Amino acid sequence: DDRALSVKDFFSGTNFVLFGVMTGRHDPEPRPSGVVHVSDTAKLHMLALQDGAPKNIGSSIPHVFDEAWDIVAKHFPKAIEGGVLTKGSQPTVPVLWDSSKTESHFNFKFQSWEDIVVSATSQYLELLEKEPKL
C-alpha cells in the first residue's frame, strides 16, 4: 500500500487482519479468505474499463491466513530470530471464488499468496525501520 507512510498507516486497512499472524495476535474470530495484491487490483480496475470487459469480474485467490507464517519463516528468518515478527493466528473461512475467467479474459495471472505475503511483509519491515526508536 503506497499510501502507508508509517506503521500506523500500514495497519489502517486490511493488513491488520493478515499481520495478526505475524505480530503475535491471536484472533478467535474467523475471517473470510479472498485476497488480491493491491497492484493486481489497480491493474484489474484499469483493464475493466476496456470495451468488452466482462460485467462480473472475479478477483480473489484462495489462501489460509495462518499459512502466512510459513511464508514469513521462509523469507524473513532474521526478523523472526530478532523478535520483530512473532507467530499469531487468524482462523480462515474459505471463500471459493473462481477468478480464472478474469485471468483468461485479461490475459494475466494474479500474484500468489506467497507474493502478497512477501510484498506486504517487506513493506512492513521497511516502515518499521523508519520508525523513531524510543
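This is a predicted model: local features need pLDDT of at least 70, side-chain atom pairs count only at pLDDT 80 or more; totals for chains, interfaces and linings use all residues.
**Exercise 1.** Classify the pair formed by the rings of Phe-11 and Phe-19, and state how accessible Phe-11 and Phe-19 are.

Solution. A search of the whole structure gives eight aromatic pairs. For Phe-11 and Phe-19, the ring centres are 6.1 Å apart and the planes stand at 90°, so this pair is edge-to-face. The cut-offs behind this are centres within 6.5 Å and planes over 60 degrees apart. Phe-19 has a relative accessible area of 0% and is buried. Phe-11, at 22% relative accessibility, counts as partly exposed.

**Exercise 2.** Describe the aromatic pair of Phe-11 and Tyr-124, and locate both residues in the chain.

Solution. The centre-to-centre distance between Phe-11 and Tyr-124 is 5.6 Å, with 80° between the planes; the pair is edge-to-face. Phe-11 lies in the loop between helix 1 (7–10) and helix 2 (15–20). Tyr-124 belongs to helix 7 (residues 113–130).

**Exercise 3.** Which residues form one aromatic cluster with Phe-11?

Solution. Phe-10, Phe-19 and Tyr-124 form one aromatic cluster together with Phe-11.

**Exercise 4.** Where does the charged end of Arg-25 sit?

Solution. The charged end of Arg-25 is over the ring of Phe-16, at 3.9 Å from the ring centre.

Definitions and conventions. Residues are numbered from 1 along each chain as its sequence is written. Side-chain values use heavy atoms; hydrogens and water are left out. Rings of Phe, Tyr and Trp (its six-membered ring) pair if their centres lie within 6.5 Å; planes under 30 degrees apart count as stacked, over 60 as edge-to-face and the rest as tilted. Buried means under 20% relative accessible area, exposed over 50%, partly exposed in between (1.4 Å probe, protein chains only). Helices (H or I, at least four residues) and strands (E, at least two) are DSSP runs, numbered from the N terminus. A charge sits over a ring if NZ of Lys or CZ of Arg is within 6 Å of the ring centre and within 35 degrees of the ring normal.
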